[in-house]
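Colleague: I would like to go through this model with you. Let us set each label against its cut-off.

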Amino acid sequence: MSSPILHFISPPIPYFIDCGRAYYRAGDMHVSRSNIGVFDLVVVTKGSLRLGEDGEDWRIEAGEALVLRPDAEHYGTGACTTDTEITWIHFHSFGAWEESGSMLKCLDNQSELIGRHKQTAYLNHSEVCSVFIPKHTRLTPKAHGILEQFFQLEDEPRSLRNWKRQTAFQLFIQHLDRELASTSDGTAINLAEKVELYIRQNYTRKITNPILQSELNYHPNYLARCMLKVYGKTPMDYLLYYRIEQAKKLLVQTEWSITRIAEEVGFQYGSHFTTSFSGREGTTPLGFRRKMRGHL
């Protein structure tokens with residue numbers, strides 16, 4: 001049976017709070033606690049640890065990690081049979097998240113989770129992405145190397161140490177996310193990322209579903225399903241979003257006319273650009289320019 005997966009929508013990305021080490025003698029058990037308010041990443045570096053969470057029993061061996069939820073009850077389910085050492089990292093996320101039984105379930109729930117995220121987060125039309133973390137996994141040597149960075153900073157000033165730990169934590173989460181994508185049925189993720197990259201590199205040119213089919217050798221319907229699962233947008237929706245985001249930069253940073261900006265970001269007609277921009281942003285391109293420059 002595969003491990004459940006924790007699915008986070010960002011921005012904001014999950015962020016580091018604190019870390020430490022704990023030691024258990026043979027016969028010791030993990031303490032019981034409920035609703036601690038932060039995610040608890042437990043990595044066993046020596047021995048093994050038995051942990052329960054809301055009725056599920058986990059055995060974490062040396063070299064393995066388990067992520068405990070902030071809203072659950074955690075408790076020891078058995079005594080350590082040998083001396084055991086763990087590394088723990090507390091982290092949190094202001095964005096929407098959920099725990100699912102598999103990657104496919106995560107992708108099926110993607111659109112709903114993005115909707116919840118946009119209702120509670122500070123962003124409105126900003127681009128969002130997913131971060132996937134296995135609940136229980138065996139860590140690679142690279143992951144262990146990143147974790148060691150957390151405890152090689154004790155002689156640094158506190159403020160600098162915290163910044164560096166934030167950076168190391170982001171690298172660690174990114175590594176877990178990429179490892180999961182490569183070992184699971186990541187076809188939808190990989191294909192969606194190819195579509196997204198193609199759009200970013202070619203958004204100033206004409207892009208249609210038949211063109212994407214020709215470039216990527218997949219039927220447009222399948223490309224659309226993959227993009228909806230991973231990004232919450234069809235390829236054409238993502239293209240419109242990306243063009244308008246680039247246009248917003250040009251409206252603020254240049255004195256170019258609306259017609260020229262429309263052409264620069266791939267719109268064939270200025271009127272189509274204005275209509276699309278107004279429908280998405282709730283104001284005309286000129287209105288957006290005046291508003292943003294009034295804040296500068």
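Colleague: Which residues does Val195 contact, leaving aside its neighbours within four places in sequence?

Modeller: They are Leu212, Leu216, Leu223, Met227 and Pro235. Contact means heavy atoms within 4.5 Å. This is a predicted model: local features need pLDDT of at least 70, side-chain atom pairs count only at pLDDT 80 or more, and totals for chains, interfaces and linings use all residues. Residues are numbered from 1 along each chain as its sequence is written, and side-chain values use heavy atoms, with hydrogens and water left out.

Colleague: What makes a set of residues a nonpolar core?

Modeller: The members are buried Ala, Val, Leu, Ile, Met, Phe, Trp, Tyr and Cys residues, joined through side-chain atoms within 4.5 Å. The largest such core here has 35 residues. Val195, Ile199, Tyr238 and Phe273 have the most contacts inside it. Helix 8 (235–253) is among the helices that each supply at least two residues of this core. Helix 8 gives the most, with 8 residues. Apart from this core lies another, of 25 residues, among them Phe16, Val43, Val131 and Phe169.

Colleague: Why is Leu216 called buried?

Modeller: Buried means under 20% relative accessible area, exposed over 50%, partly exposed in between (1.4 Å probe, protein chains only). Leu216 has 17%, so Leu216 is buried. Leu216 is found in helix 6 (residues 209–216). Helices (H or I, at least four residues) and strands (E, at least two) are DSSP runs, numbered from the N terminus. Beyond four places in sequence, Leu216 touches Lys194, Val195 and Leu223.

Colleague: What is the span of helix 5, and what span is expected?

Modeller: Helix 5 has 16 residues and reaches 22 Å from its first C-alpha to its last. The expected span is 1.5 Å times one less than the number of residues. For helix 5 that is 22 Å, and the model is close to it.

Colleague: What joins the side chains of Asp40 and Arg33?

Modeller: A polar contact of 2.3 Å. The term needs a pair of N or O atoms within 3.5 Å; within protein, one must be able to donate a hydrogen and the other to accept it, and residues adjacent in sequence count only if both atoms are side-chain atoms. Asp40 lies in strand 4 (residues 39–46). Asp40 has a relative accessible area of 3%, so Asp40 is buried too.

Colleague: How many disulfides are there?

Modeller: The count is 0. A disulfide is a pair of cysteine sulfur atoms within 2.5 Å. Cys19, at 11% relative accessible area, is buried. Cys226, at 2%, is buried.
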